[in-house]
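Please read the following explanation with the sequence and the model side by side, and take the elements in the order in which they come up.

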Number of protein chains: 2
Amino acid sequence: MALNTKIDADHNAPPVTRILAEYIVNHPSRGWDDAVEHEAHRTFMNWLGCAVGAAGHEAGEAALRAVQVLQPSAQASILGRSEQVDIASAALINGITSHTFDFDDTHLKTIIHPAGPVCSAVLALAELTGASGRQIIDAIVIGIDVSCRIGNMVYPHHYDRGWHITGSTGGFGAAAACARLLGLDADKTQMALGIAASQPVGLREQFGTMTKPFHPGGAASAGLMSALLAREGFTASKRAIEAPRGFAQVLSTKFDWNEITDELGKRFEISFNTYKPFACGIVIHPSIDACVQLRAQGVTAENLERIDLRVHSLVLELTGKKEPADGLQGKFSVYHGCAAGLIFGRASESEYADDIVTREDVVGVRRKVVATIDDNIDEASVDAVATLKDGRKVHVFVEHAIGSLQRPMSDQDLEAKFSSQADPVLGAGQVRKLMDACWKLGQAPDARGLVALARKGGQ
Amino acid sequence: MALNTKIDADHNAPPVTRILAEYIVNHPSRGWDDAVEHEAHRTFMNWLGCAVGAAGHEAGEAALRAVQVLQPSAQASILGRSEQVDIASAALINGITSHTFDFDDTHLKTIIHPAGPVCSAVLALAELTGASGRQIIDAIVIGIDVSCRIGNMVYPHHYDRGWHITGSTGGFGAAAACARLLGLDADKTQMALGIAASQPVGLREQFGTMTKPFHPGGAASAGLMSALLAREGFTASKRAIEAPRGFAQVLSTKFDWNEITDELGKRFEISFNTYKPFACGIVIHPSIDACVQLRAQGVTAENLERIDLRVHSLVLELTGKKEPADGLQGKFSVYHGCAAGLIFGRASESEYADDIVTREDVVGVRRKVVATIDDNIDEASVDAVATLKDGRKVHVFVEHAIGSLQRPMSDQDLEAKFSSQADPVLGAGQVRKLMDACWKLGQAPDARGLVALARKGGQ
């Protein structure tokens, strides 16, 4: 039984698990500027709208039926529905639904969708404990900071290896946020991070199946339970992140410890969070945006001969499906995204319905899209040239798509997106009250009023 | 945002996820010889004794308190206790307790402890559904076959990288066993394996903390939920194990697909399961065995000058703690193991009590142990020379320790081990009935009678 392969390990890593634990515990409440505080509310609202919008999707329904086998107690609400389940199951299901339509937030440096794991765990726990809105916002800012900093530490190698980084780092964010919400001390918070380190959830191979949105849900549930276990004295390695056989070195070949410590408590990763105008993976957004712009310049399904896209290699690697057979596969097709942009001028969830993805005119346009990898094109950009049947060419270059940090969605854009998702589930009147409650969450005595508005038939 | 590192992926892997799913579903009930059938009962009984024996340990207590926050329904029993919790939580806690004392079974080819994830999930589910003893034994044989074959596929590279292979492959075993127990078809079983693939639990960095036994518990719970999700139509990749970004290629640099397919349904990995006579990691067993033999040849704490061990490198890598401060650390100290063997002639759980590990005479002996890595010594062996104060030398060479495949524990040995663990918890009379029920499990109408005997105050 020979054991030959060895890890070329960094044995001198700084104690980042401890450093993060002390930050989680000691950073002052609302210890950031107004822009960060506002971004936290935007992040929360965008996440909530996504979860409500997908409440009736089969992924959430199937997960709920599985959870109901456990006969869970009614501790926390499933957003956009009337059922209540235990807090770990609520974290799981709300995490699943919030990512089901691939319409949630994106931390662009890492392609992490940070709200799913963190907000799903925090809101479920807060509904049970009655934590204040202030505590909730604090937990969200700090939890997202922790998962995104861990993501920065290992990206891109960790992602390239095949980990769905949202789920593999999300458990840390959820554990951090719940530890903060529970008021754990630094020793127990360090244990919570350690327990979470052993539970990375997510392989990129699952893209295009329900297990992709399972990843943030599983991370939310695992992180929440890690904090509860730590509170009860459960132990883990004190160096679970940085040790030679800890999370970073086992799951990545890059581990830049400075990404944890640089400007910790001064720069907050939630500042770099973005929200999607299109209901699909972020790498397709420049292409869809380009096609929306081509449409505005008079290009139509009827006069189009072909569209030539020059794209970053990741676009085809992640979303190269040429002939998607249904809506879920359509999410992984830059071709379908372009067809939606050109025909409808948008790519919201309704443009990913099964019968749209297979509709004759949509299929016709997507087959006219030719995407070529160009090493000079940034991941955030696309170069698109439409050739019309009369020989004319229309050229669009998108440097940064709508929804990027450089061209962020406005608060009004976010409200419009929220309404488009939540109105069909909860009704416009209730949704208006719910959005107001979201903007005021930081001042609310607790989250229960907001949660009641997020439930079907609530008020 | 450059993404340079690429996986050197095997794109032509055979469809092992599908192959395993069809095996799980289609292999006939009791489709093996009497030796395999008997080994399944030995595996189950050994696991049960370990779980009962550790029922009062702080790791299980802390996990139970955390789970009770969820106000779980009383669906399944915690072994060796009176509480009942939901089936996922029971799988978690029984998985934790069964591995808490590092006294459970070992599949030597992979150092997997296979019963923890599989039996913990199966028994909890069977208690709820009323599955027959026959179905339970079938599920255990097949579940253990699946996790150990996946282990064989990636061992040792996966383990060397830092994964605690018991937890990282255990979810597959639990999912396979529960899928079989639930009667899922091949398509849904394939999905159950796929969902489990995204939830590997376990870093070796956690050794020496409660999160080590958490790994089989977490795997049991994750595998059980994967089967329940799949039954409800939840989807995953059909190639979650073998795809370029699937489990094997993301979590290992070795992936020998033949380990899945060779003699599938003819050779059963449970045949190669072993049971520990000593309550610690298997790599120390030859050393402890050697010291027990030195003791039998008259070596004592009083007449000993020093013991020179020549060991495989893994012994010091895994269990090189020179000055363990408590019982849990003692498990990772070949020095303490040797002291226990020499002074007490055994290393059961009581020799890992905190006050034994720090007792003056025990510390004195362990400091006389000098362990040297010798590349000519197999992992299964040890060469020990005791030098006495009068200058005499006593030499023992252990080729295979007691409890190995070559020198297996007898059924009577297993009963004695079971009693030593369970009698203090349940009382000798109840334990005698419980052992009888274990030997007859394959013929029982269901597991409920057995489970009642495994509960504190049961009968």
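This is a predicted model: local features need pLDDT of at least 70, side-chain atom pairs count only at pLDDT 80 or more; totals for chains, interfaces and linings use all residues.

Two helices of chain A give an example of how elements pack here. Helix H2 (residues 34-53) and helix H4 (residues 87-100) of chain A pack at an angle of about 90°, and their axes are 7 Å apart. Because of that angle, H2(A) is roughly perpendicular to H4(A), given that angles of 65 to 115 degrees are counted in this way. On the side of H2(A), the contact is made by A:Trp47, A:Cys50 and A:Ala51, which meet A:Asn94, A:Thr97 and A:Ser98 in H4(A).

Most residues other than glycine have a negative phi, and most peptide bonds are trans. Against that background, A:Gln71, a residue other than glycine, has a positive phi near 50°, and A:Gln71 is found in the loop between helix H3 (58-68) and strand E1 (76-77) of chain A. The peptide bond from A:Tyr155 to A:Pro156 is cis, with omega near 5°, and A:Pro156 lies in the loop that runs between helix H6 (133-154) and helix H7 (157-161) of chain A. In chain B, a cis peptide bond joins B:Tyr155 and B:Pro156, with omega about 5°, and B:Pro156 lies in the loop between helix H6 (133-154) and helix H7 (157-161) of chain B.

Further along chain A comes a sheet. Four strands form this open sheet in the order E6-E5-E7-E8 of chain A, with mixed pairing. Its edges are strand E6 (369-373) and strand E8 (393-398) of chain A, each of which pairs on one side only, and from one strand to the next the twist averages 15°. Strands of a sheet pair through backbone hydrogen bonds, either parallel or antiparallel. Strand E5 (residues 304-311) of chain A pairs with E6(A) in the parallel sense over five bridges, and A:Val311 has A:Ile373 in E6(A) as its bridge partner. Helix H13 (residues 285-296) of chain A lies across E5, strand E7 (382-388) and E8 of chain A, and runs at about 140° to E8(A).

In chain B, strand E5 (residues 304-311) can be followed to two partners. Six bridges join E5(B) to strand E7 (residues 382-388) of chain B, and these two strands run antiparallel, with B:Arg306 standing opposite B:Thr387 in E7(B). Five bridges join E5(B) to strand E6 (residues 369-373) of chain B, and here the strands run parallel; the bridge partner of B:Val311 in E6(B) is B:Ile373.

Conventions
Residues are numbered from 1 along each chain as its sequence is written. Chains are lettered from A and ligands numbered from 1 in the order in which they are written. Side-chain values use heavy atoms; hydrogens and water are left out. Two strands pair if DSSP finds at least two bridges between them. Axes are lines fitted to C-alpha atoms, for helices over the stretch in contact, and angles run from 0 to 180 degrees between N-to-C directions. Contact means heavy atoms within 4.5 Å. Angles under 35 degrees count as roughly parallel, over 145 as roughly antiparallel, 65 to 115 as roughly perpendicular and the rest as oblique.
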